[in-house]
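Hi everyone, thanks for coming. I'd like to walk you through one model today, so let me put it on the screen.

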Amino acid sequence: MKTVAVLGATGSIGTQALEIIGDHPGLRAVALSAHRDAASLAALAARHDVSLVALTDADAARSAPDIPLAGEQGLLELVRRSDADIVLNAIVGAAGLRATLAALEAGADLALANKESLVAGGELATAAGRKGGGRILPVDSEHSAAFQLLEGREPETIHSLVLTASGGPFRGRTRLDLAGVNAGEALAHPTWNMGPKITVDSATLMNKGLELIEAHFLFDLPYERIEVVVHPTSVVHALVRLRDGAALAHLGYPDMRVPISYALTFPDRAETPIEPLDLAAGLILEFTAPDEEAFPCLALARAAGEAGRTAPCVLNAANEVAVSAFLDGRLPFLGIAEVVEGTLNATDTAAAHDLDELVAMDAEARKTAAALTRQLVH
């Protein structure tokens, strides 16, 4: 029996993970967290017989006295007290970084759906993993695919890694076409059903930029050996090119239950309700280069990753501020990239030697991004 702590239990990844846990006799949920949805958290805890729960929004927790663990410290206490074999981190944004570090330092395996942890604090997270001995098992479909393709292979046999992007709802549009798009259009993803933040990131291609940085830390590959291609049907999740000229691909229908299940049951591969790929149904495997003029966030992310130090942290913080403003109707779609680029240009991205310095840099970047957002709106 593997015990699982699910952080972000009421979100898209968290609820699908709990479905998988409920259907698998070898998995048991022992701790759950949510941001502010106390009612949904209580319902999930009752359904899965979990008594250890936390709300990370302190204001929401004050209205739910039956949930004593609250705020960031409450979340960290939940991770430590759960003593879970696996911690699934499905928290949205950089808010998940401390939980990632806590899980890895405790020696738990980390099923990571919170890519921002590695983007903002990749060096700290990999160091925590070495210290605690826990493994990082990626839950993003692309990184799960790459993990499976790379597992057991000697590093010198790998030529390069290819991550695929659906292109989002605006694939094929020019920069001029994107000037007036709204949040409703950006949230209409053609192949994946995800939360609002990651869906907007997919529309700007920032999601693929964040995944590029995540892949660098997960697989210890230099950025010049990680490529991004647009693949509209989302059937091929990743490819690995080998030094002998061969290329291996991971294929499957776009359903997050597959990588979630793989991470939770690794090294086994549990049965899921997903239909096997029907190759005779007329699958089209089309690949094109991303349009970085229309979608500059991808190039901004690659540049930040290559710059290193705290540039990825600044990139992520600015993007979170800009996406939030766009979803609230306070920033145009094209303003997201402008805010990110402006914040990177205005910030001294010196190295952070510990978590406190990284948190301070994150806060500085958010302040700068908020000021730039106000300038673009007015």
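Let's begin with a question: in what order do the four strands of the open sheet stand? The order is 9-8-10-11, and the pairing is mixed. A word on what you are looking at: this is a predicted model, where local features need pLDDT of at least 70 and side-chain atom pairs count only at pLDDT 80 or more, while totals for chains, interfaces and linings use all residues. Residues are numbered from 1 along each chain as its sequence is written, and side-chain values use heavy atoms, with hydrogens and water left out.

When I say helix or strand, I mean a DSSP run, numbered from the N terminus: H or I with at least four residues for helices, E with at least two for strands. Strands pair if DSSP finds at least two bridges between them.

Strand 5 (residues 86-89) and strand 6 (residues 109-112) pair in the parallel sense over four bridges; Leu88 has Ala111 as its bridge partner in strand 6.

Next, the core. By nonpolar core I mean buried Ala, Val, Leu, Ile, Met, Phe, Trp, Tyr and Cys residues joined through side-chain atoms within 4.5 Å. Buried means under 20% relative accessible area, exposed over 50%, and partly exposed in between, with a 1.4 Å probe and protein chains only. The largest such core has 97 residues, and Leu32, Leu264 and Leu315 have the most contacts inside it. Helix 13 (residues 311-327) gives the most to this core, with ten residues. A second, separate core has 31 residues, including Leu69 and Ala84.

So what does Leu264 touch, leaving out residues up to four places away in sequence? Its contacts (heavy atoms within 4.5 Å) are Lys2, Val4, Ala17, Ile20, Ile21, Leu27, Ile86 and Ala111. You'll remember Ala111 as the partner of Leu88. Thanks, and happy to take questions!
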